[in-house]
Amino acid sequence: MSTEPTSGGPAVPSLDELRGRALAAAAPRRYGADAAIACDRVVKIFTADKVEVQALQGLDLTVDRGDLVALVGASGSGKSTLLNILAGLETPTAGSARVDGCDLLAMSAKERLRYRREVVGFVWQQTARNLMPFLTAAQNVALPVQLRGGRSTPAAARRRGQRVAELLEALEIGDLAHRRPAELSGGQQQRVAIAVAMANDPSVLLADEPTGELDTETAAGVFHAFRTVNRELGATVVIVTHDPMVAGEVRRSVAIRDGRTASEVLRRTEVDEHGTETTSEREYVMLDRTGRVQLPAAFLAALGMEHRVAADLAADHIALRPDDPGH
Ligand SMILES: Nc1ncnc2c1ncn2[C@@H]1O[C@H](COP(=O)(O)OP(=O)(O)OP(=O)(O)O)[C@@H](O)[C@H]1O
């Protein structure tokens, strides 16, 4: 309740209101609470033949709702492991990971099944792995909706058919609805796979090297389909890729090194008064919650920095210099 303004001035907040605001400001906010994806110090250890492999070594990543992000990194850096965790196929060994509010470390088997059917969609590199060979494109897209359950009335079947047709149209493959995978090109198969992954309208779409088996032109068409899903269907999209075309066209690409997010490139496109587009990009290194940063190896080599650097605080930046042996 507000105290009435005395002489027409703004209302003075009551003590209760002030107390409420202070409590809200002081309440611990869950890390990345509003993000589509929030990974906090995720660790994943595999044990094979009694040998432990630490595939993720305390990885931090937040992805905003509606973003389209590329994950890049050398072979073995942990990209697929991260994607499998986000897909609900693997469980982290430690840390926390949330997707669309679902806690990936605390889900029961039943919740995990629902998560994989409704919250995330997945597209694999191997075109054949995404589709049932004996079903047509339309039947492949209808399958996840049928598996989700629900009513089997004629009205529900009509709605399902409509959803399938809309998805195929949105991905520009409406005319291929009655073809089986073997009658489709690799790029067309991947676009059907994207429609299958989007069938239950997931909030997050994950893709592991989806253009890996395609030539450049076909890959560009498939990437265009991911953009459509992101812009028109509102899904948050994360694509693991080695493809420089894909990594070069997204607003944000995150590099993973040794099981951690190491750096990221943000691109900004601006249109001037003549309608000319210019894209600028900037590389950032990641700052973790304990204050650690991983500097680019090329920068360190250029200045011969190793083991220890001098850090000085300036008004608007921190300067890092090679260790001065005179000190
Ligand atoms: N199921 C598993 N059992 C044992 N080790 C595994 C398993 N899955 C991944 N690893 C190991 O974890 C590390 C990270 O592998 P991951 O597949 O995530 O890397 P990646 O960046 O996706 O590589 P690529 O680009 O080659 O696919 C590697 O050392 C790999 O050998």
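Analyst: One term to start with: two residues are in contact if their C-beta atoms, placed from the backbone, lie within 7 Å. By that rule, and leaving aside neighbours within four places in sequence, Thr93 is in contact with Val43, Lys44 and Ile45. Keep in mind that this is a predicted model.

User: How far apart are Thr93 and Val43 in sequence and in space?

Analyst: They are 50 residues apart in sequence, and their C-alpha atoms are 5.5 Å apart in space.

User: Where is Thr93, then?

Analyst: Thr93 is in the loop between α2 and β4 (94-99). It is partly exposed, because 17 other C-beta atoms lie within 10 Å, and a residue needs 20 or more to be buried, or 12 or fewer to be exposed.

User: OK, zooming out. How many helices and strands does the chain have?

Analyst: The chain has 10 helices and 13 strands. Its C-alpha trace spans about 70 × 65 × 60 Å along the principal axes. Of the 327 residues, 31% count as buried.

User: And which domains does the assignment give?

Analyst: Domain 1 covers 37-252 and domain 2 covers 295-327. Their centres, taken over C-alpha atoms, are separated by 41 Å.

User: What share of the contacts joins residues 24 or more positions apart?

Analyst: Such pairs account for 62% of the contacts in the chain with a separation of 6 or more.

User: Switching to the ligand. Which residues are around it?

Analyst: The residues around the ligand are Phe46, Ala48, Val53, Ala55, Gly73, Ser75, Gly76, Ser77, Gly78, Lys79, Ser80 and Thr81. The elements that give two or more residues to this shell are β1 (37-48), β2 (51-63) and α2 (79-86).

User: Which element gives the most?

Analyst: α2 does, with 3 residues.

User: How does the shell split by class?

Analyst: It has 4 nonpolar, 7 polar and 1 charged residues. Gly is counted among the polar ones.

User: Is α2 itself enclosed or open?

Analyst: α2 is largely enclosed by the rest of the structure, because 6 of its 8 residues are buried. The buried ones are Lys79, Thr81, Leu82, Leu83, Ile85 and Leu86. Just after α2, Gly88 takes a positive phi of about 80 degrees.

User: Which residues other than glycine have a positive phi?

Analyst: Asp49 is one of them, with phi near 50 degrees. Glu209 is another, at about 50 degrees. For background, most residues other than glycine have a negative phi.

User: Where do Asp49 and Glu209 sit?

Analyst: Asp49 is in the loop between β1 and β2. Glu209 is in the loop between β7 (204-208) and α8 (216-232).

User: Buried or exposed?

Analyst: Asp49 is exposed, because 4 other C-beta atoms lie within 10 Å. Glu209 is buried, because 20 other C-beta atoms lie within 10 Å.

User: What about Asp215?

Analyst: Asp215 is also in the loop between β7 and α8. Asp215 is exposed, with 10 other C-beta atoms within 10 Å. Asp215 and Gly187 are 28 residues apart in sequence and 8.9 Å apart in space, C-alpha to C-alpha.

User: Last topic, α6. How many residues does it have, and how far does it reach?

Analyst: Helix α6 (residues 154-170) has 17 residues and reaches 24 Å from its first C-alpha to its last, close to the 24 Å expected at 1.5 Å a residue.

User: Which residues of α6 are buried?

Analyst: Val164, Leu167 and Leu168 are buried in α6. They lie on the same side of the helix, because they cover an arc of only 95 degrees around the axis.

User: Why do residues three or four places apart point the same way?

Analyst: An α-helix has 3.6 residues a turn, so residues at that spacing point the same way.

User: What do the buried residues of α6 pack against?

Analyst: They pack against α5 (137-148) and α7 (186-197).

User: And which exposed residues are on the face turned away?

Analyst: That face carries Pro154, Ala155, Arg158 and Gln162.

User: What follows α6?

Analyst: α6 is followed by Glu172, whose phi is positive, near 60 degrees.

Definitions and conventions:
Residues are numbered from 1 along each chain as its sequence is written. This is a predicted model: local features need pLDDT of at least 70, side-chain atom pairs count only at pLDDT 80 or more; totals for chains, interfaces and linings use all residues. Helices (H or I, at least four residues) and strands (E, at least two) are DSSP runs, numbered from the N terminus. The expected span of a helix is 1.5 Å times one less than its number of residues. The arc is that of the directions from the helix axis to the C-beta atoms. A residue is near a molecule or strand if its C-beta atom, placed from the backbone, lies within 6 Å of it. Domain bounds come from an automatic or database domain assignment.
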